[in-house]
Amino acid sequence: MTVVTVALLVLHFVTRESSNDYDEPSPTQKPATTGGSGNYLLGVGRADCTGPVAEIPLMGYANPDQVGGGLLTRLYSRAFIVAEPNDSRRVVFVSIDIGMVSQRLRLEVLKELKSKYGELYRRDNVILSGTHTHSGPGGYFQYTLFWITSKGLIKPNLDAIVNGIVKSIDIAHQNMKRGRLFLNRGVVENSQINRSPYSYLQNPASERSRYSTNTDKEMVMLKMVDENGHDLGLISWFAVHPVSMNNTNHLVNSDNMGYASLLFEQEKNKGVLPGEGSFVAAFASSNLGDVSPNTKGPFCINTGESCDNPQSTCPVGGVRMDRLPLQQALHCLYTSAAQQLTGPLLSAHQWVNMSDVQVQLNATHTVKTCKPALGHSFAAGTIDGVGAFNFTQGSVEGDPFWDNIRDQLLGEPSNETKTCHQPKPVLFSTGEMTWPHPWHPDIVDVQIATIGSLAIVAVPGEFTTMSGRRLREAVKRMDVVIAGLCNVYTHYITTYEEYQVQRYEAASTIYGPHTLSAYIQLYRGLARAIAMNTVQDLPSGPEPPLFNVTSLTLVPAVTPDRAPVNKTFGDVLQEVNVQYRVGEVAAVTFVGANPRNSAENVTEHNFLTVERYTNVTGSWQVVQNDASWDTRFYWTKGSSGQSNVTIEWHIPSSTEPGIYRIQYFGHYRRLLKQFYPFEGTSAAFEITNL
């Protein structure tokens, strides 16, 4: 892990950087305020959405070899509901430990919410945002491109995420109470770098001069307390990629943003296990498109020289990222939050065909967006996760070799698409590829929700630093936050200038060079409708499709489990040591079974516990579970249905001396899809401080 995670750094408070408008802002109107304590109804909720932790491709790096092989931390959906005192209007924000929110996922969640709550929670007032961890199971998309590396639509994982999101909203709904909201913001240093500085430098010098850095270092935090001042939860938004875990990782986990959430929650929820307790903390994504947590930047393995060039290439060897140690969490923003939010709750939403948006640049010039397409540099990857073959970033010309292969297998892009996307050399013309289903979405959500003076702009992808700055200026309210990776995934959104040099982010801007201008125009329209109280006059737009596919996957079916001769499931194969010191790793290996048996057939399941013997009661007390950052659950598949499970406990310095043991919980499968629970227990071992 790197020094990234927002809650883990000293936050220095500064005033916001002032800037002139890059483009003409929308009309605004200050909302009316309401006074007094307990001016909102507030609810928070957290629910597990982990899904299968084995044999499922991880979503993020698009690496087909990066398949789940165990668990580092559980994935959670964290829901926050804000309602007006008379309960007339509500806003729901949900931050989920997943790579991104897919359209299929959102449509199924909205369907479930409608069946439970009628019109209370709707497409206009519910925001679903992915943290963008690259270490969660994939397979929850309905568009073909995402099936390629995720091996299709994987229903057990889709169901786990949908159920987790809905359950977190249920919990928040059931625990509504009067409370207050406070806003704070501060600068986070030494936590991120711009991974495409060459692209950033293409933006006008006059615009860049208004900002002191090439990343957004400001964190925005929304604090929730009840009417008596008791802590309920928080949401923070910060621009950084959760790629502290690289593309060789095979353990499901929530990466730096989820780790920050767990640390903050454990600090507030004293005496309970990770993932439990009433206080809920979400570290949500923002305009992170060109922002990396790997603060020492990329350099070449063999030469030690920087590879910070337009192509991010090395003469020999490969790219290496240095990763800095974690620092202790500090809570300056939360404890010093004093700006109270008051005022009405409002929301606006539209579906838009992003393949055909007419954009009015000025009085005389109109441009349009394009059918989706990915450029050659998309296949090059980034410094955080390089691609394959000989693709490089910054490609403004195609490669005849790869273009010919593409033409033979998938068909040649039309001249219209080629022209529309210039200077992008089109590698995959996904907007013209429809078998077995469309490869990319055309219909996209745009959405804004306001809580008093705070405007949450929910964007359907990864905006770069300068793209986010321009969008915030266009909305132009007192307090604007960009919530990233919301509602449907459309890859990246660069500025027009960044698009011209076609690094990875630009090659992945799928609707062409005027994508950002189109979004600015659309979000201005939403902001104007909110300010003028004309939201009801907004056209809802074309409804997105819900394809008739329930499960289509190349993931191998779960086969019956078998134990070795003279062994049974849960037997210990390699025992723990008799004694450990703090800072060491206790490890035990069991006869295991496929973890998918548990994930696919049990609503909630814990794979392991670490337990301490209590002399007073003569019983074992659970001190860690599989949601803890200190535990590791490794599943190793053998032959003929056999497998092993190794559990590690990285003993933290705060561990009390005493007698401990490790337990393993699983399910084995027989023929006819019969599943049987089992458990295994290590020998007792002692932990000392010496």
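Reader: Is S292 buried or exposed?
Author: In this predicted model, S292 counts as buried, because its relative accessibility is 0% and the cut-off for buried is under 20%.

Reader: Where does S292 lie?
Author: S292 is in strand β15, which covers residues 291-292.

Reader: What does UniProt say about S292?
Author: The unreviewed UniProt entry annotates S292 as "active site". That label comes from the record.

Reader: Switching to L671. Buried or exposed?
Author: L671 counts as exposed, because its relative accessibility is 61% and exposed means over 50%.

Reader: And where is the place of L671?
Author: L671 sits in the loop between β39 (658-670) and β40 (674-681). The C-alpha atom of L671 is 9.1 Å from that of D561, although 110 residues separate the two along the chain.

Reader: OK, strand β5. How many of its residues are buried?
Author: Eight of its eight residues, 76-83, are buried.

Reader: Which residues of β5 are on which side?
Author: Y76, R78, F80 and V82 are on one side, and S77, A79, I81 and A83 are on the other. Both faces of β5 are covered.

Reader: How many bridges pair β2 with β5?
Author: Eight, and the two strands pair in the antiparallel sense. Strand β2 spans residues 40-48. Its residue D48 has Y76 in β5 as bridge partner.

Reader: What about β5 and β6, how many bridges there?
Author: Seven bridges, again antiparallel, with β6 covering residues 90-96. I81 stands opposite V92 in β6.

Reader: What do β5 and β6 form?
Author: A hairpin, with six residues between the two strands. D87 in the turn has a positive phi of about 65°.

Reader: What do strands pair through, in general?
Author: Strands of a sheet pair through backbone hydrogen bonds, in either a parallel or an antiparallel way.

Reader: New topic: the open sheet with seven strands. What is the order?
Author: The order is β8-β3-β4-β37-β38-β34-β32, and the pairing is antiparallel.

Reader: Which are the edge strands there?
Author: They are β8 (136-137) and β32 (572-574), each of which pairs on one side only.

Reader: Which residue stands opposite G136 in β8?
Author: M59 does.

Note on methods. Residues are numbered from 1 along each chain as its sequence is written. This is a predicted model: local features need pLDDT of at least 70, side-chain atom pairs count only at pLDDT 80 or more; totals for chains, interfaces and linings use all residues. Side-chain values use heavy atoms; hydrogens and water are left out. Two strands pair if DSSP finds at least two bridges between them. Helices (H or I, at least four residues) and strands (E, at least two) are DSSP runs, numbered from the N terminus. UniProt positions are given in the numbering used here, feature names are shortened, and annotations may be inferred rather than shown by experiment. Buried means under 20% relative accessible area, exposed over 50%, partly exposed in between (1.4 Å probe, protein chains only).
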